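Let's walk through a protein together, one step at a time. Have the sequence and the 3D view ready, and look up each residue as we come to it.

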Amino acid sequence: MADSVPSPLPASRRRRVVSGIVDVAIVAAVGLLVPLPPAGRLAAGLVTAVLMTLAQAFTGASPGQALASIRLRRAIRPTVPPGTAAAERAWLFTLAGLPTFGVLPLAMVMSMDASGWHRTWYDRMAGTVVVAKERRPELVRVATANGRLFTVTQPTVLGRAPDPLPGRASRLLADFQDDPSVSKTHALLEPVRGGVLITDLNSTNGTHAEDAHGIHRLTPGRPQTVERGRRVYFGDAECTIR
């Protein structure tokens with residue numbers, strides 16, 4: 001079994017907006033208030049923006065993100081700093097923000113998708129996610145239809161005889177050996193606020209989850225939050241999130 005790692009949570013819209021306002025205010029203040037000629041003030045603002053992007057790349061947080069207790073991460077490894085993906089994201093943010101005086105990036109944050117990691121357009125293009133600062137993982141219980149109960153307190157790979165995911169520390173849960181509808185390595189479960197984040201790992205019979213609109217099949221590789229009280233099906237194996 002792999003070592004336990006903290007379970008990051010998606011950052012809220014409010015925290016993302018606050019962090020963005022703080023970062024923009026810092027760059028604007030340097031560019032406007034430094035006692036230099038106009039060209040020098042512009043250069044100072046650009047240097048400040050570059051330094052903030054480097055801070056994101058190596059630590060995962062700009063000053064605004066540190067203040068709002070959120071972090072920038074790579075989507076494929078949401079527990080480590082983003083590296084060069086931070087520069088790509090900053091460039092996309094600039095392309096969207098300069099012609100619209102910052103209005104378009106703000107609109108993207110306010111209208112970001114409501115599933116999975118709540119990613120904006122420039123997050124998806126850069127392969128990044130914005131997460132709340134890591135905290136103690138929540139305890140989520142998953143009850144099977146035949147009465148078995150298991151807990152999820154860390155990233156957990158579920159299946160008949162699951163293999164670990166490359167580059168990720170995960171608990172392996174072989175709890176469905178007697179159900180041929182469940183794939184050998186079926187799904188990744190991660191505890192989040194209010195439920196569990198489930199990613200289907202290209203299983204043969206799929207993973208189906210219940211939401212307010214009914215039951216639907218999850219897209220392989222795309223994480224989706226299943227709330228407490230909802231049902232989820234790994235193949236034919238019915239479970240309830242508690």
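Two residues are in contact when heavy atoms of theirs lie within 4.5 Å. With that in mind, find S19, which sits in helix α1. Leaving aside residues up to four places away in sequence, S19 touches G64, Q65, A68 and I70. Is S19 buried or exposed? Its relative accessibility is 4%, so S19 counts as buried; the word means under 20% relative accessible area, while exposed means over 50% and partly exposed lies in between (1.4 Å probe, protein chains only).

A word on the model itself. It is a predicted model, in which local features need pLDDT of at least 70 and side-chain atom pairs count only at pLDDT 80 or more, while totals for chains, interfaces and linings use all residues. Residues are numbered from 1 along each chain as its sequence is written, and side-chain values use heavy atoms, with hydrogens and water left out.

Now step back to the whole protein. Its secondary structure consists of 6 helices and 14 strands; these are DSSP runs numbered from the N terminus, with helices being H or I of at least four residues and strands being E of at least two. Of the 242 residues, 43% are buried. Among contacts with a separation of 6 or more, 54% are between residues 24 or more positions apart. The accessible surface is about 12,200 Å², and carbon and sulfur atoms account for 62% of that area (computed by the Shrake-Rupley method with a 1.4 Å probe; for residues, only the protein chains shown count as cover).

Next, return to α1 and look at its partner. Two packed helices are described by the angle between their axes and the distance between the axes. Helix α1 covers residues 13-33 and helix α2 covers residues 38-59; their axes come within 7 Å and cross at roughly 150°. The axes are lines fitted to C-alpha atoms, for helices over the stretch in contact, and angles run from 0 to 180 degrees between N-to-C directions. Residues of α1 including I26, V27 and V30 take part in the meeting with α2, where A44, T48 and M52 are among the residues involved.

Finally, let's look at charges. Side chains of opposite charge can pair when their charged atoms come close. The structure holds 5 salt bridges, each being a side-chain nitrogen of Lys or Arg within 4 Å of a carboxyl oxygen of Asp or Glu.

One of them joins K184 and D163, at 2.7 Å from N to O. K184 lies in the loop between β7 (171-174) and β8 (187-192), and D163 in the loop between β6 (156-159) and β7, so the pair ties together parts that are 21 residues apart in sequence. K184 is partly exposed at 38% relative accessibility, and D163 is partly exposed at 41%.

Another salt bridge brings R231 and E210 together at 3.4 Å, N to O. Here R231 belongs to strand β13 (residues 231-234) and E210 to strand β10 (residues 207-211), so the pair links distant parts of the chain, 21 residues apart. R231 is partly exposed at 29%, whereas E210 is buried at 18%.

R230 and E227 also pair, at 3.8 Å from N to O. To finish, find R16, R89 and D123, which are linked in a network of salt bridges.
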